[in-house]
Amino acid sequence: MKPHIALFALAASLALASVADTAERNIRSWVDENGVTHYGDAPPPEAIKNGSVILNEQGVVVRNIPRQMTPEEAAAARRQQEEEARRRAQDSFLINTYTKVGDIERLRDDQLALIDSQIDLARGSVTSNEQRLESLKKRMANFRPYSAAENARRLPDPLAAEVVQTLGERRTLQQTLAGLETRREETRGKFGADIARYQQLTNRPSIR
């Protein structure tokens, strides 16, 4: 081995030995559940939960070891990280997709117009269903127990089944209509939030 290489290897070895020796002299400091501070090189498992610090031989803090998070805190931290990642992805989408606020407003208006057309169809179906129910009620009035006539016949099973089916259709149509109206409000709110965020990111007003 060449002399200068040997000297370099020796110096590196001494430096590593010095670091290892310093690490061995490092001590841990932790606070127990009663608030009492302890020092030593072998902290108990509780120190992992409560956190600790590593000190060098001069008593200077060289590293902080945070306390162990509870399962609830860890879950909350994961949710926060996921939310931040989602927000960054949404910001990137807004910046890379739109050139001005007007682009977002036009897309909003197109989607709202589509939902409005679906709402109109649903309302028309609800109206037709109500008209059908009124017609069925008039037919039912000729039969027992809805008719007071002594010679009135019992309500036919097919008519009763038709009434039950129509009532079920009304319930489904009303749920569909309510869902569309909720979707419309959610769509308007989402685009409103996108526009506000886009303006924050670009400081651009609405220009169609």
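This is a predicted model: local features need pLDDT of at least 70, side-chain atom pairs count only at pLDDT 80 or more; totals for chains, interfaces and linings use all residues.
How many helices and strands are there in the protein chain? There are five helices and four strands, where helices (H or I, at least four residues) and strands (E, at least two) are DSSP runs numbered from the N terminus. Residues are numbered from 1 along each chain as its sequence is written, and side-chain values use heavy atoms, with hydrogens and water left out.

**View 1. The whole chain, before zooming in.** Going along the sequence, the pattern reads α-β-β-α-β-β-α-α-α. Of the 208 residues in the protein chain, 23% are buried (under 20% relative accessible area; exposed is over 50% and partly exposed is in between, with a 1.4 Å probe and protein chains only).

**View 2. Helix 3 crosses helix 5.** Helix 3 (residues 71-97) packs on helix 5 at an angle of about 80 degrees, with the axes 10 Å apart. Axes here are lines fitted to C-alpha atoms over the stretch in contact, and angles run from 0 to 180 degrees between N-to-C directions. That makes the two helices roughly perpendicular, a label for 65 to 115 degrees (under 35 is roughly parallel, over 145 roughly antiparallel, the rest oblique). On the helix 3 side you'll find R87, Q90, D91, L94 and I95, which meet D194, R197, Y198, L201 and T202 in helix 5; contact means heavy atoms within 4.5 Å. The residues of this contact divide into four nonpolar, two polar and four charged (Ala, Val, Leu, Ile, Met, Phe, Trp, Tyr, Cys and Pro are nonpolar, Asp, Glu, Lys and Arg charged, the others, Gly among them, polar).

**View 3. F93 meets Y98.** The structure holds one aromatic pair, meaning Phe, Tyr or Trp (six-membered) rings with centres within 6.5 Å; planes under 30 degrees apart are stacked, over 60 edge-to-face and the rest tilted. The ring centres of F93 and Y98 are 6.0 Å apart and the planes sit at 85 degrees, so the pair is edge-to-face. F93 is partly exposed at 40% relative accessibility, while Y98 is buried at 10%.

**View 4. A cis bond at P145.** Most peptide bonds are trans. The one from R144 to P145 is cis, with omega near 5 degrees. P145 lies in the loop between helix 4 (101-140) and helix 5 (157-202).
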